[in-house]
Amino acid sequence: MNLQDKVIVITGGGQGLGRAMALHLAKKGAKPALIDMNPEALDETVGLCLELGVEARAYVANVADESSVTEVFDSIVAEFGAIHGLVNNAGITRDAMFIKAKDGEVTKRMSLDQWRQVIDVNLTGVFLCGREAATKMIETGSEGCIVNISSISRAGNMGQTNYSAAKAGVVALTTTWAKELARFGIRTGAIAPGFIGTEMVMNMKPEALDKMTAGIPAKRVGEPDEIAHAVAFILENDYFSGRVIEVDGALRL
Ligand code: CAA
């Protein structure tokens with residue numbers, strides 16, 4: 001896909017990785033349609049895209065809410081005319097140990113709420129936005145591509161039962177959709193970032209962050225633009241579908 005004038009929807013597009021993706025794709029001439037819960041962050045990112053001379057718009061919505069997702073994708077098609085790409089980037093963490101115990105006594109457990117919040121946004125949100133984007137691509141006759149942001153944590157990461165499960169699920173959605181949607185000219189791809197220098201990672205418990213970064217062979221956390229670069233590769237390469245690109249400085253959990 002040549003990104004010039006292509007409408008690319010990015011969830012969680014207000015800040016962090018989503019903002020880096022919006023700017024990277026805008027520099028290639030794409031038109032970002034940004035979905036986020038935070039209107040101020042969204043407006044700032046849209047402003048930065050407009051400065052690059054492309055059309056960009058902000059949409060405030062919760063990706064885990066079915067009717068909001070439907071409404072927002074309707075608005076995007078009404079305002080831009082089509083959707084050529086979706087990056088399912090919105091994600092949250094609610095880290096906690098599955099079980100903590102001392103001297104044979106269980107002292108703490110991951111709550112059902114911590115489990116549900118992460119599954120709702122990071123897995124159900126991907127399902128809902130992916131389903132809506134594919135629907136619109138088919139209805140408007142535009143071949144397209146869906147990029148899902150997984151994580152190195154999909155392999156299983158201590159303190160992330162909820163997040164690891166969601167991010168492994170996201171890879172399963174990617175391979176399944178690649179098989180089902182190829183007949184409509186829709187490709188998929190996933191990226192599994194390692195530890196990238198965003199607020200999400202920098203807000204980790206300092207001891208946990210130090211331990212994690214010490215083990216990265218590249219000896220640094222990744223830059224958001226290094227993930228955006230992988231997003232552009234998946235969107236642009238017409239023979240790439242259904243697979244995961246790992247961008248993690250060679251870290252293995
Ligand atoms: N490796 C080895 N041991 C670990 C560990 C790890 N990664 N994580 C926790 N432990 C151990 C601790 O050392 C501790 O051991 P002791 O009881 O022997 O002292 C035990 O497990 C319990 O851990 P905490 O004392 O840290 O428990 P807590 O309840 O205070 O905190 C936690 C739990 C919030 C999950 C905290 O451990 C934590 O923040 N861990 C990091 C989780 C993580 O990696 N998150 C990634 C966020 S960034 C992201 O998700 C983006 C992405 O895609 C990669």
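Guide: We will discuss some helix pairs and then the ligand. This is a predicted model, in which local features need pLDDT of at least 70, side-chain atom pairs count only at pLDDT 80 or more, and totals for chains, interfaces and linings use all residues. Residues are numbered from 1 along each chain as its sequence is written, and side-chain values use heavy atoms, with hydrogens and water left out.

Visitor: At what angle do α1 and α8 cross?

Guide: The axes of helix α1 (residues 16-27) and helix α8 (residues 224-236) cross at roughly 55 degrees and come within 8 Å. Helices are DSSP runs of H or I with at least four residues, numbered from the N terminus. Axes are lines fitted to C-alpha atoms over the stretch in contact, and angles run from 0 to 180 degrees between N-to-C directions.

Visitor: So what do we call that arrangement of α1 and α8?

Guide: α1 and α8 are therefore oblique to each other. Angles under 35 degrees count as roughly parallel, over 145 as roughly antiparallel, 65 to 115 as roughly perpendicular and the rest as oblique.

Visitor: Which residues of α1 and α8 meet?

Guide: From α1, L17, A20, M21, H24 and L25 meet P224, D225, I227, A228, H229, V231, A232 and L235 of α8; contact means heavy atoms within 4.5 Å. By class, this contact of α1 with α8 has 10 nonpolar, 2 polar and 1 charged residues. Here Ala, Val, Leu, Ile, Met, Phe, Trp, Tyr, Cys and Pro count as nonpolar, Asp, Glu, Lys and Arg as charged, and the others, Gly among them, as polar.

Visitor: And how do α1 and α2 lie?

Guide: The axes of α1 and helix α2 (residues 39-51) come within 9 Å and cross at roughly 20 degrees, so α1 and α2 are roughly parallel to each other. In this pair, R19, A22, L23 and A26 of α1 meet A41, E44, T45, L48 and C49 of α2. That contact of α1 with α2 has 6 nonpolar, 1 polar and 2 charged residues.

Visitor: What about α4 and α5?

Guide: Helix α4 (residues 112-140) and helix α5 (residues 161-181) have axes that come within 8 Å and cross at roughly 15 degrees. They are therefore roughly parallel to each other.

Visitor: How far is D95 from a nitrogen atom of the ligand?

Guide: An N or O atom in the side chain of D95 is 2.7 Å from a nitrogen atom of the ligand.

Visitor: What about Q160 and Y163?

Guide: An oxygen atom of the ligand is 2.8 Å from an N or O atom in the side chain of Q160. For Y163, an N or O atom in the side chain is 2.8 Å from an oxygen atom of the ligand.

Methods: Helices (H or I, at least four residues) and strands (E, at least two) are DSSP runs, numbered from the N terminus. A polar contact is a pair of N or O atoms within 3.5 Å; within protein, one must be able to donate a hydrogen and the other to accept it, and residues adjacent in sequence count only if both atoms are side-chain atoms.
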